[in-house]
Amino acid sequence: HEMGHLFLLDLEDLARIDETSAKELQTVREWAEWKKGDWKKYKNTPWSKEFADYEQAIIEADMHGDIPEADRLRRLWAQERFARGFEIYLRDGTAPAKGLRAVFRSFAKFLRQVYSAFISDGARASKQVERIMGRMIATDREIEAMAMDEAFRDIEKAGGEKLMTETEHE
């Protein structure tokens with residue numbers, strides 16, 4: 001994904017000095033630019049909400065006349081669209097040259113393994129290690145507050161909040 005971003009930035013740089021790259025960049029921009037309703041192309045994908053949110057933000061920036069923000073969001077849309085497209089291109093494993101066939105097959109296999117790792121729990125850390133991870137990103141006070149919230153949710157589920165005083169409830 002991040003390589004896709006870098007390749008697009010490289011293409012933009014090359015387009016300033018090379019006519020072929022300038023034409024290729026124009027083709028990419030025509031495909032990647034935001035058009036109202038384009039988020040629907042991502043329905044039933046893991047990126048549906050991401051692109052729906054981008055589109056909504058662009059529409060709101062336009063409505064408020066915030067041209068710099070709308071331009072920034074359109075650029076973000078195009079960057080993300082290209083990077084997601086690049087991911088899919090690599091995932092499919094169709095090499096553009098004979099010498100890259102083995103590399104593309106290996107990379108496609110690697111991507112499939114990465115994606116399946118994200119949807120499995122096979123390498124999940126122990127509860128103790130997850131608590132340590134939690135302390136790496138939250139304070140003890142925040143963790144205690146969350147534990148209290150979770151404990152209250154358990155009481156609520158069991159109908160116990162009806163037995164609590166208002167002070168205990170708070």
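Figure 1. The model is predicted: local features need a pLDDT of at least 70 and side-chain atom pairs count only at pLDDT 80 or more, whereas totals for chains, interfaces and linings use all residues. Residues are numbered from 1 along each chain as its sequence is written, and side-chain values use heavy atoms, with hydrogens and water left out. Helices (H or I, at least four residues) and strands (E, at least two) are DSSP runs numbered from the N terminus. The 16 residues of helix 3 should span 22 Å at 1.5 Å a residue, the expected span being 1.5 Å times one less than the number of residues. The end C-alpha atoms of helix 3 are 23 Å apart, which agrees. Just after helix 3, Gly65 adopts a positive phi of about 70°.

Figure 2. Ser48 belongs to helix 3 (residues 48-63). Because its relative accessible area is 17%, Ser48 is buried. Contacts (heavy atoms within 4.5 Å) link Ser48 to Trp39, Tyr42 and Lys43, leaving aside neighbours within four places in sequence. Glu50 is also placed in helix 3. A relative accessibility of 19% is why Glu50 counts as buried. With neighbours within four places in sequence left aside, Glu50 is in contact with Glu80 and Arg84.

**Figure 3. Packing of helix 3 against helix 4.** The two axes, those of helix 3 and helix 4, come within 8 Å and cross at roughly 160°. Axes are lines fitted to C-alpha atoms, for helices over the stretch in contact, and angles run from 0 to 180 degrees between N-to-C directions. Helix 3 and helix 4 are therefore roughly antiparallel to each other; angles over 145 degrees count as roughly antiparallel, under 35 as roughly parallel, 65 to 115 as roughly perpendicular and the rest as oblique. The crossing of helix 3 and helix 4 is left-handed. From helix 3, Glu50, Phe51, Tyr54, Glu55, Ala57, Ile58, Ala61 and Asp62 make the contact. From helix 4, the contact is made by Glu69, Ala70, Leu73, Arg74, Leu76, Trp77, Glu80, Arg81 and Arg84. A crossing is left-handed if the near helix is turned anticlockwise from the far one by less than a right angle, and right-handed if clockwise.

**Figure 4. Packing of helix 1 against helix 2.** Helix 1 (residues 2-15) packs with helix 2 (residues 19-32) at an angle of about 135°, the axes being 8 Å apart. Helix 1 is therefore oblique to helix 2. The crossing of helix 1 and helix 2 is left-handed. On the side of helix 1, Leu8, Leu11, Glu12, Leu14 and Ala15 take part, and they meet Ser21, Ala22, Glu24, Leu25, Val28 and Arg29 in helix 2.

Figure 5. Because its relative accessible area is 9%, Tyr42 is buried. Leaving aside neighbours within four places in sequence, Tyr42 is in contact with Trp47, Ser48, Phe51 and Arg81. Lys35 is located in the loop between helix 2 and helix 3. A relative accessible area of 35% is why Lys35 is partly exposed. Not counting residues up to four places away in sequence, Lys35 touches Glu30 and Glu55. A C-alpha separation of 10.0 Å divides Lys35 from Trp77, 42 residues apart along the chain. Asn44 is found in the loop between helix 2 and helix 3. Although not a glycine, Asn44 has a positive phi of about 60°. Most residues other than glycine have a negative phi. At 83% relative accessibility, Asn44 counts as exposed.

**Figure 6. Context and confidence of the protein chain.** The protein chain has 8 helices and 0 strands. Of its 170 residues, 24% are buried. Among contacts with a separation of 6 or more, 45% join residues 24 or more positions apart. The chain averages a pLDDT (the predictor's confidence in each residue, from 0 to 100) of 84, and 85% of the residues score at least 70. Confidence is highest in helix 3, at a mean of 96, and lowest in helix 8 (residues 166-169), at 64. Where pLDDT is low, the predicted coordinates should not be read in detail.

Terms used:
Buried < 20%, exposed > 50% of the residue type's maximum accessible area, 1.4 Å probe, protein only.
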